[in-house]
Amino acid sequence: MTASDRSRTRASASRPPVDSEGQGLEGRPERLRVVGASLLVLEAVLLLGTAVFAVLNLRTEADGIPTVAFGLAVVLTVFAALLVLAAVSLLRRGRYGVSYGITWQLFQALIGASMFKAAMLAPAVVVTVLAVAVFIILLKPQCRPDRQGLDG
């Protein structure tokens with residue numbers, strides 16, 4: 001092997017991997033992962049909005065409702081925090097983001113179906129479309145967790 005061959009080999013080994021369009025892959029999450037994580041954060045924001053709505057509007061409805069409204073707000077805030085953690089995990093190619101995200105979308109689709117049954121059409125459409133879109137995105141191969149270093 002000549003000196004020029006060795007320098008070419010070293011130069012190609014030091015370059016970060018690129019995709020078919022010539023864009024670098026090292027340290028940059030794929031666009032689909034970013035879209036999926038963004039939609040998970042959007043769902044978290046919508047949950048926090050619902051929690052605020054519950055505290056501000058439901059607490060004045062009837063006796064016992066303030067306790068229910070506060071409990072609902074706490075549960076929704078916990079789920080929102082878990083969605084943000086799932087988005088971060090998805091961007092880091094972790095396992096939690098995809099698994100929790102898919103489970104949440106199934107749960108959310110059931111909520112959307114219940115909203116259709118209750119004739120809450122506008123929120124039902126938003127919830128169901130968002131659930132289906134994120135579910136499909138999370139099933140794509142680009143969103144699979146990084147399995148390097150795992151045994152088995």
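**Ground rules.** I am working from a predicted model, in which local features need pLDDT of at least 70 and side-chain atom pairs count only at pLDDT 80 or more, while totals for chains, interfaces and linings use all residues. I number residues from 1 along each chain as its sequence is written, and my side-chain values use heavy atoms, with hydrogens and water left out.

**Salt bridges.** I looked for salt bridges, taking one to be a side-chain nitrogen of Lys or Arg within 4 Å of a carboxyl oxygen of Asp or Glu, and by this rule I count 2 salt bridges. One of them pairs Glu 30 with Arg 33, where the closest N and O atoms are 3.8 Å apart. For burial I use relative accessible area, with buried meaning under 20%, exposed over 50% and partly exposed in between (1.4 Å probe, protein chains only). Arg 33 is buried at 0% relative accessibility, whereas Glu 30 is partly exposed at 27%.

Glu 30 also meets Arg 93 in a salt bridge, at 3.4 Å from N to O. Glu 30 lies in the loop between helix 1 (3-14) and helix 2 (31-57), and Arg 93 in the loop between helix 3 (65-91) and helix 4 (95-117), so the pair ties together parts that are 63 residues apart in sequence. Arg 93 is partly exposed, at 28% relative accessible area. Through shared partners, the salt bridges join Glu 30, Arg 33 and Arg 93 into one network.

**Nonpolar patch.** I next looked up surface patches, which are made of residues with over 30% relative accessible area and no salt bridge, like charges being joined within 9 Å and nonpolar side chains (Val, Leu, Ile, Met, Phe, Trp, Tyr) within 5 Å. Val 41, Val 45, Val 84 and Val 88 form a nonpolar patch with about 280 Å² of accessible area together, by the Shrake-Rupley method with a 1.4 Å probe and, for residues, only the protein chains shown as cover. Helix 2 and helix 3 each supply at least two of the patch residues. Val 41, which is in helix 2, is partly exposed at 36% relative accessibility.

**Ser 89.** Finally I checked Ser 89, which sits in helix 3 and is buried at 12% relative accessibility. Leaving aside residues up to four places away in sequence, Ser 89 touches Gly 94, Arg 95, Tyr 96 and Gly 97, contact meaning heavy atoms within 4.5 Å.

Note on methods. Helices (H or I, at least four residues) and strands (E, at least two) are DSSP runs, numbered from the N terminus.
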